[in-house]
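User: Please show me the structure. I would like to go through it by question and answer.

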Amino acid sequence: LFPYSEKNMYICKIFHLMNFLYTLATRLVSCVLPLLALFNRKIKLFWKGRKESFRILQTHISADDQVIWLHAASLGEYEQGLPILKRLRTLYPEKKLVVTFFSPSGYEAKKHSKDADVILYLPLDLPKRVNRFLNLLHPEMAIFVKYEFWQNYLFALKRRGIPTYLVSGVFRKDQLFFKKRSWGMRAVLPCFTHFFVQNENAKLLLQSIGFTNITVSGDTRFDRVMEILSRDNKLPMIENFLSGAPCMVFGSSWKADEEVYVSFLNVYKGNMKFIIAPHEVHDKEKIHNLRDSLHKHVAILSEVENKDLSAYDILIVDKIGLLTKIYSYAVIAYVGGGMGNKGLHNILEPAVFSIPVIIGKNYDKFNEAKDLISREGVFSVKNTEEFTQIATFLFTNVIQRKKAGILNYNYINSNTGATEAFIEKVKSN
């Protein structure tokens, strides 16, 4: 990884110690997963799904296949990688595209997707599993989305001479890579053939520690959400529910978000209808608790399918894969995750439909949120009072509402092109 020097030898010793501790910790996690899986549904999926990964590879990948591998932590990163997958499919129809996930929320939602030839969980980052995985997969290219830095995988890819790319990369000054005496963590970065980063700040940070193989390409999510506009977004049950009424959508909301908007919905007396798509759709108890907290005529989608929904005021969507289409019916959206500590969900998906977006108070790590708040297309609220004020303003002021929506669309449209920047670099190599 490093040219020979006394300093680099010292760095390597530090890294080997850190890598030993990291691998030991990963091994301990592997040992306790079966026990934790008894008490947690998500961990059960995480553990059981990985037991199938090698079988899936043995079944679907042969020795003479040409393989391109893309890894995404979860569903959001998959959506970022999807434009690249589609372009690679067009560019290299003879190659097999393999997608791995770390999180069950990504794998369970996309395990049957036709955008890749093989979809599976990434085995835990332990040396023997890593080598077995790469031996079976034998990729000719590896693509990591946004911020995945699995040490043993990256070092194995480097040793095998496999071109490895980071796309839609995000780097911040507070990350360990940029701290003094952080050589152990920093040592994974030379494993990447090229960095495709979202902004100039990320490039400057990488340059500050000696890297030059960097392209500021932007975020592939902009390309992805622009594609959403060109597809068929019609949902007959949503049209039946709305029956011509305007609609506000609450997407990927958590308990902390509900505490902000539920009391507003309970006193609202206008003609707006509401659709709530909680993030945790499989937790029936939470879904029913949410319904019971609403003093309106509320329907849960899975319980009323194929029925007339026009008399209901609020529809709770407890199914995965519908939200992006549902946003197309909204005149305003609230995107969850920013009120608590779960992490703000994708605000670009509703914003591309030229509508204003409301979010919670925690958005500092999301550049698009900061940009659109400064442009007044997105509005951040801290509590129910602020939510009530902004929502009422947007409900009643149609001109400002449409102006905010147009600002959002124009921002997204002006930031496309990250996918082509990646493809052009790959083709040139």
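The questions below go through strands, helices, loops and cysteines.

User: How are residues numbered, and what kind of model is this?

Analyst: Residues are numbered from 1 along each chain as its sequence is written, and side-chain values use heavy atoms, with hydrogens and water left out. Local features need pLDDT of at least 70, side-chain atom pairs count only at pLDDT 80 or more, and totals for chains, interfaces and linings use all residues, since this is a predicted model.

User: What is the strand order of the open sheet of 7 strands?

Analyst: Helices (H or I, at least four residues) and strands (E, at least two) are DSSP runs, numbered from the N terminus. Two strands pair if DSSP finds at least two bridges between them. In this open sheet the pairing is parallel, and the order is 10-11-9-8-12-13-14.

User: Which strands are the edge strands?

Analyst: An edge strand here pairs on one side only. The twist of this sheet averages 20° from one strand to the next, where axes are lines fitted to C-alpha atoms, for helices over the stretch in contact, and angles run from 0 to 180 degrees between N-to-C directions. The edge strands are strand 10 (298-300) and strand 14.

User: Which residue in strand 9 is the bridge partner of phenylalanine 250?

Analyst: Strand 8 and strand 9 (residues 273-278) run parallel and are joined by 6 bridges. In strand 9, the partner of phenylalanine 250 is isoleucine 276.

User: What angle does the direction of helix 13 make with that of strand 10?

Analyst: Helix 13 (residues 284-293) packs on the sheet and touches strand 9, strand 10 and strand 11 (314-316). Contact means heavy atoms within 4.5 Å. The angle between the directions of helix 13 and strand 10 is about 165°.

User: How many residues of strand 5 are buried?

Analyst: Buried means under 20% relative accessible area, exposed over 50%, and partly exposed in between (1.4 Å probe, protein chains only). Strand 5 (residues 164-169) pairs in the parallel sense with strand 4 (residues 139-145) over 4 bridges, and 3 bridges join strand 5 to strand 6, also parallel. Strand 5 is largely enclosed by the rest of the structure, because the buried count is 6 of the 6 residues.

User: Which residues of helix 9 are buried, and what arc do they cover?

Analyst: In helix 9 (residues 200-208), the buried residues are Ala202, Leu205 and Leu206. They line one face of the helix, because seen down its axis they fall within an arc of 95°. The arc is that of the directions from the helix axis to the C-beta atoms. The residues are Ala202, Leu205 and Leu206, and the arc is 95°.

User: Is serine 243 buried, exposed or partly exposed?

Analyst: Most residues other than glycine have a negative phi. Serine 243 is not a glycine, yet its phi is positive, about 50°. This serine lies in the loop between helix 11 (236-242) and strand 8 (247-253). Because its relative accessibility is 49%, serine 243 counts as partly exposed.

User: How many disulfides does the rule count?

Analyst: A disulfide is counted for a pair of cysteine sulfur atoms within 2.5 Å. Cysteine 31 is exposed, with a relative accessible area of 57%, whereas cysteine 191 is buried at 3% relative accessibility. By the distance rule, the count of disulfides is 0.
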